[in-house]
Amino acid sequence: MRLTLLGTGDAAGVPVYGCGCLVCARARVDVTWRRKPCCALLEADDTRILIDAGLHDLTDRFPPGSLDAILITHFHPDHVQGLFPWRWGKSDPIPVYCPPDTQGCADLYKNHGLFDFRPLSKFQSLFLDALTITPLPLIHSKPTFGYCIDYDGLRLAYLADTVNLPPKTEGFLRDTPVDLLVLDCTHPPQHSPPRNHNDLDLALAITTRINPHHTVLTHVGHELDAWLLDHPNALPFCVKVGRDGLSLAL
């Protein structure tokens, strides 16, 4: 099983429009430091699943027939905006699994084009080929799922866009060892409790409680990137910050 992080940024991305901080200035001259909307590609055997769809060039990346399904964590624009032009293409229908959010995003449900939206229920597993995919409720401003993905004795948990974890979600992840945890960490340490997204202190506390073999932080904002420049030894050895294009093999 392989997970490739196609985008690791928060809604503003890196560089942030109009920002002159060192991190944003660096990203303008060196594209390897840029962060696009949070998005990933999961591959296992011949199965290929896109997790979220916030990138604008998805139709270039994925020609017809190259994906088996799309998992949507939630319907904020930075996680679904790539679907809007894609839906008017010509191909076989593509199943899109998502939380049961009656609002969706704009008119995606009404004018779905080639997408076949299939709402999931929390903790009710989906079976795609050799993959078992379990939707886990998260804490966010819209109905949001993380996904626990089991394959051949390996377990991956992808938890973007959350602030802390619901007790049942945390308990589920503690029941069976997690090989790789990909976790929202948008902000540097905050003086007051973070809202809607984890800061670094909260993300590290979650990691300590779940105790995965490896953790990769995603949904990273430019302020966290800047803070880590000043605190290069802040992360435990088993925790790393994701970057766009990072490929993780399990």
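This report walks through the cores, a strand hairpin, the cysteines and the aromatic rings of a predicted model.

## Ground rules

Because this is a predicted model, local features need pLDDT of at least 70 and side-chain atom pairs count only at pLDDT 80 or more, while totals for chains, interfaces and linings use all residues. Residues are numbered from 1 along each chain as its sequence is written, and side-chain values use heavy atoms, with hydrogens and water left out.

Start with the inside. The largest nonpolar core has 28 residues, and L3, L42, L131, I133, I149 and Y158 have the most contacts inside it. Strand β9 (residues 145–151) gives the most to this core, with four residues. A second, separate core holds 24 residues, among them L173, A203, L217 and L228. Here a nonpolar core is a set of buried Ala, Val, Leu, Ile, Met, Phe, Trp, Tyr and Cys residues joined through side-chain atoms within 4.5 Å. "Buried" means under 20% relative accessible area, "exposed" over 50% and "partly exposed" in between, using a 1.4 Å probe and protein chains only.

What does L3 touch, leaving out residues up to four places away in sequence? The list is A40, L41, L42, I51, L156, Y158, V182, L246, S247 and L248, where a contact is heavy atoms within 4.5 Å.

Strand β2 (residues 39–44) is largely enclosed by the rest of the structure, because five of its six residues are buried. Strands and helices are DSSP runs numbered from the N terminus (E, at least two residues, for strands; H or I, at least four, for helices). Strand β2 runs antiparallel to β1 (residues 2–7), joined by five bridges, and T4 has L41 as its bridge partner in β2. Two strands pair if DSSP finds at least two bridges between them.

Five bridges also join β2 to β3 (residues 47–51), again antiparallel. A44 is bridged to T47 in β3. The β2 and β3 hairpin has two residues between the strands, and D45 takes a positive phi near 55° there.

## Cysteines

C39 counts as buried, at 0% relative accessibility.

C105 is in no disulfide either: the nearest cysteine sulfur belongs to C98, 12 Å away. C105 also counts as buried, at 12% relative accessibility.

## Aromatic rings

Searching the whole structure turns up seven aromatic pairs. Rings of Phe, Tyr and Trp (its six-membered ring) pair if their centres lie within 6.5 Å; planes under 30 degrees apart count as stacked, over 60 as edge-to-face and the rest as tilted. Y109 and F117 are edge-to-face, because their planes sit at 80°, with ring centres 5.4 Å apart. Y109 is partly exposed at 29% relative accessible area, whereas F117 counts as buried at 16%. Ring pairs link F75, W86, Y109, F115 and F117 into a cluster.

Then there's R26, whose charged end sits over the ring of W33, 3.5 Å from its centre. The test for that is NZ of Lys or CZ of Arg within 6 Å of the ring centre and within 35 degrees of the ring normal.

## An exposed aspartate

Helix α5 (residues 167–175) contains D175. Is D175 buried or exposed? Exposed, with a relative accessible area of 66%. C-alpha to C-alpha, D175 and T208 are 14 Å apart in space and 33 residues apart in sequence.

Key: Disulfide = S-S within 2.5 Å.
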